[in-house]
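Look first at the whole fold, and then follow the paragraphs below while you keep the model in view.

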Amino acid sequence: MTALTLSTAGAATLRADAVVVGVAKGAKGPVLAPGAEAVDQAFDGKLATVLETLGASGGEGEVTKLPAPDGLRAPVVLAVGLGSEPEEGDAYGTEALRRAAGTAARALSGSRKAAFALPIEEAEDAAAIAEGALLGAYAFTAYQENGKGAKKPLAEVALLGAKPRDKAFKAAAERALALTEEINRARDLINTPPNDLTPEAFAAIAAAAGKEHGLKVQVLDEKALLKGGFGGILGVGQGSQNPPRLVKLSYTHAKDAKHLALVGKGITYDSGGISLKPAGHNETMKCDMSGAAAVFAAVVAAARLGLAVNVTGWLALAENMPSGSATRPGDVLRMYSGKTVEVLNTDAEGRLVLADALTKASEEKPDAIVDVATLTGAMVLALGNRTFGIMANDDGFRTALHETAEEAGEASWPMPLPADLRKGMDSPTADIANMGERMGGGLVAGLFLKEFVGEGITWAHLDIAGPAYHEGAPYGYTPKGGTGSSVRTLVRLAERTAAGDLG
């Protein structure tokens, strides 16, 4: 786990394995960012020239390492690209700082300590750099013998230019540490092989974390689910030898606080069931529990931060497997709500477990419900691999969530719920089918979920199928594998709710 410190030392005097400075893309070549003055002085004011000679441009994600000259206690200088230089009078954006810090931290894996001398004007700048560095330093090595094949993550991040005795800076650092530790916990869960992360194992991990952080935890096993009539969760999980679970995590601040309910899809492995996924589409399906991981992380983060809001997390956990006992296309399931669903495709299983959890969450009459799921390939086709979609039964809430994601530094886009698509889910046998029109499939899934939200409850659905699991090369603070997508958005939503920003 990477440590974080706020240092009053200068870039030239702090003992570290490397000092990180920012370089931007200027009109006439690379331009040093604020924070690099002491390092530039050690280069006799010629650091930008040296970087340009080495081919650096200041482009986003660019890394240039060079030996430090006399005058610096760190032996290495790492210049990281911030992208285009801001207009005169403007500051560097927090997301640019976050990505640069992540890039630098990953480039310094194997190092014991790095001093980050990036531009800091306000506490939010320090928070962004801390978040980026702590997320960028992440590595999943649990299954590599003695860590073979990967360097250890950067052990310590020292932020220069921050103010350790300033309450705002101190709070920003504490928030960044708690938030990133929970995001990295979610990443660990997503990256864990499905033979180890079964629904029962996930529930046990959630229960242990709940005990550690003062959360109330309730776990419904297969017997309790059967007794309660959770036909959606049971229908998805009945083909597996690993039975399903429904986990409730409750963080309570005060009786008069607003109540936010979060619901996460937790398919610990999705083979597609009888509607089996073809080769090439099932190798990464351990990530189909990313929504539940995000909800779990967000609830724990809210507790660690002591937010003045009540947050309940619902983790709908199941493994979708084909077998003689699996749900078949054409079967009809009676859901927890009492509605019946004709299953036309067993690979549209996420909406079935979410439907039961949404109905259960609605019984507590929360002020708002947000569900999170790697739900549809259609959303990936619509928005790509880095942006999640937002649907809601209230346009104002959808807009607020979009703004919240932007504040948190996560790419999202508001999507509609066209009423005309609902007819495609009409079933001659049941109340509704789990499939509708192929075109607009992500929106169809949202319309299905809407059917199971309690009357009068504000609700939103985040389809994180694109950004939840990154199969390409790492970039910025985003690693290969599980990303922890939407955790920052959910935590920021809880903070805004606590502050009364959302009514």
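The paragraphs that follow go through the sheets, then the helices, and then the cavity.

This is a predicted model, in which local features need pLDDT of at least 70 and side-chain atom pairs count only at pLDDT 80 or more, whereas totals for chains, interfaces and linings use all residues. Residues are numbered from 1 along each chain as its sequence is written, and side-chain values use heavy atoms, with hydrogens and water left out.

Begin with the open sheet that 8 strands form in the order 8-9-11-10-14-18-15-16, with mixed pairing. Helices (H or I, at least four residues) and strands (E, at least two) are DSSP runs numbered from the N terminus, and two strands pair if DSSP finds at least two bridges between them. Strand 8 (216-220) and strand 16 (412-414) stand at the edges with a single partner strand each, so one side of each has no neighbour in the sheet. From one strand to the next, the twist averages 20°. Within this sheet, strand 15 (residues 388-392) and strand 18 (residues 458-463) run antiparallel and are joined by 4 bridges, and G389 stands opposite D463 in strand 18.

A second open sheet has 3 strands in the order 12-13-17, again with mixed pairing. Its edges are strand 12 (332-334) and strand 17 (432-433), each with a single partner strand, so one side of each is left without a neighbour in the sheet. Strand 13 (residues 340-342) pairs with strand 17 in the parallel sense over 2 bridges, and E342 stands opposite A433 in strand 17.

Now turn to the helices. Two packed helices are described by the angle between their axes and the distance between the axes. Helix 6 (residues 199-213) and helix 9 (residues 290-305) pack at an angle of about 5°, with their axes 10 Å apart; axes are lines fitted to C-alpha atoms, for helices over the stretch in contact, and angles run from 0 to 180 degrees between N-to-C directions. That makes helix 6 roughly parallel to helix 9, a description used for angles under 35 degrees.

Finally, where does the lining come closest to the centre of the largest cavity? Of the 13 residues that line this cavity, the closest to its centre are G235, V236, N320, T327 and T346. On a 1 Å grid over the protein atoms alone, a cavity is a set of points where a 1.4 Å probe fits but cannot get out, and lining residues have an atom within 4 Å of a point.

Key
Parallel < 35°, antiparallel > 145°, perpendicular 65-115°, else oblique. 1 Å grid on protein atoms, 1.4 Å probe; cavity = no way out; pocket = protein on both sides within 12 Å on 5 of 7 lines; lining within 4 Å.
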